[in-house]
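Keep the structure open beside you as you read.

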Amino acid sequence: MSDKRHPFDVLNQLAALRRYARSLVRNPDDAEDLVHDALVRAFERKSTFRNGANLRNWLLSIVHNTHIDRIRRRRSSDARHQAAAEISERVHHSDPDQSIRLKQLRNAFFALPEEQRDALHLVAIEGLSYQDAAATLNIPVGTLMSRVSRARARLREFEESGRKLPDSTGHLKLIEGGRDDSR
């Protein structure tokens, strides 16, 4: 129950929220992140809390719902990335150099930090507007634009370094020749 003098005293509920979050995610750092995200939601929706209601139960349900939302978002992101990988693997080019370069670019895309990769995927591959992509990721539009910009810059950097350095993979080297052109 909440205290009548302090109906929204979240600090007294932190231990229970942390215990529940740890039981959900089984990792102390992830549990802290989950509690933080849940508390942000709770404060955003503070007006929906009824005075006299059980604050602990209300907060625990927000922790639970935040956890479920994270799982859904992660699964959705994983499915998008898997679909993109399958599509790029099905693409066949007659030029083996181009095929290798495409594979390198795909690997560079997947090497981007997750938040940059998600933002770029939604805007560049799915064709969402910045506003729609930001709403999908539940982040401000400016943050989305920054992530897309940084992702594009990293891919451009990869492309430029790949053109300058033939051995951009670290273990594969593209060489000219190897075919008998005298036929």
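## The main nonpolar core

The largest nonpolar core has 18 residues, and Phe8, Leu17, Leu39, Trp58 and Leu59 touch the most other members. A nonpolar core here is a set of buried Ala, Val, Leu, Ile, Met, Phe, Trp, Tyr and Cys residues joined through side-chain atoms within 4.5 Å. Buried means under 20% relative accessible area, exposed means over 50%, and partly exposed is in between (1.4 Å probe, protein chains only). Helix H1 (14–25), helix H2 (28–44) and helix H3 (55–90) each give two or more residues to this core, and H2 brings the largest share, six residues. Helices (H or I, at least four residues) and strands (E, at least two) are DSSP runs, numbered from the N terminus.

If you click on leucine 39, you will find it in contact with Val10, Leu14, Leu17 and Leu59, leaving aside neighbours within four places in sequence. Contact means heavy atoms within 4.5 Å. Apart from this core lies another one, of 16 residues, and Phe109, Ala119, Leu144 and Phe158 are among them. As a general point, nonpolar side chains in soluble globular proteins tend to be buried together.

## How to read the model

This is a predicted model, in which local features need pLDDT of at least 70 and side-chain atom pairs count only at pLDDT 80 or more, while totals for chains, interfaces and linings use all residues. Residues are numbered from 1 along each chain as its sequence is written, and side-chain values use heavy atoms, with hydrogens and water left out.

## The chain as a whole

The protein chain has seven helices and zero strands, giving the pattern α-α-α-α-α-α-α along the sequence. Of its 183 residues, 31% are buried. Among contacts between residues at least 6 apart in sequence, 61% join residues at least 24 apart.

The accessible surface of the chain comes to about 12,600 Å², and carbon and sulfur atoms account for 49% of this area. Accessible areas come from the Shrake-Rupley method with a 1.4 Å probe; for residues, only the protein chains shown count as cover.

## The largest pocket

What lines the largest pocket? Its lining has 21 residues, of which Asp37, Arg70, Arg73, Leu137 and Ile139 lie nearest the centre. By class, 13 of the lining residues are charged, four are polar and four are nonpolar. In this count, Ala, Val, Leu, Ile, Met, Phe, Trp, Tyr, Cys and Pro are nonpolar, Asp, Glu, Lys and Arg are charged, and the others, Gly among them, are polar. H2, H3 and helix H5 (114–125) each supply at least two lining residues, and the largest share, seven residues, comes from H3.

The volume of this pocket is about 740 Å³. On a 1 Å grid over the protein atoms alone, a pocket is an open set of points where a 1.4 Å probe fits, with protein on both sides within 12 Å along at least five of seven lines; lining residues have an atom within 4 Å of a point. Grid points are joined across faces, edges and corners, and the volume is the space filled by probe spheres set on the points.

Histidine 81 sits in helix H3 and counts as buried because its relative accessibility is 8%. Beyond residues up to four places away in sequence, histidine 81 touches Phe110, Arg117 and Asp118. Arg117 and Asp118 are themselves among the buried residues of H5, which also include Gln116, Ala119, Leu120, His121, Leu122 and Val123.

Glutamine 13, in the segment before H1, is also buried, at 10% relative accessibility. Leaving aside neighbours within four places in sequence, its contacts are Leu55, Arg56 and Leu59.

## Loops with positive phi

Arginine 26 lies in the loop between H1 and H2. Its phi is positive, about 60°, although it is not a glycine, and at 73% relative accessibility it counts as exposed. Asparagine 138, in the loop between helix H6 (130–137) and helix H7 (141–164), also has a positive phi, near 60°, and is exposed at 62%. Most residues other than glycine have a negative phi. Just after H5, glycine 127 takes a positive phi of about 75°.
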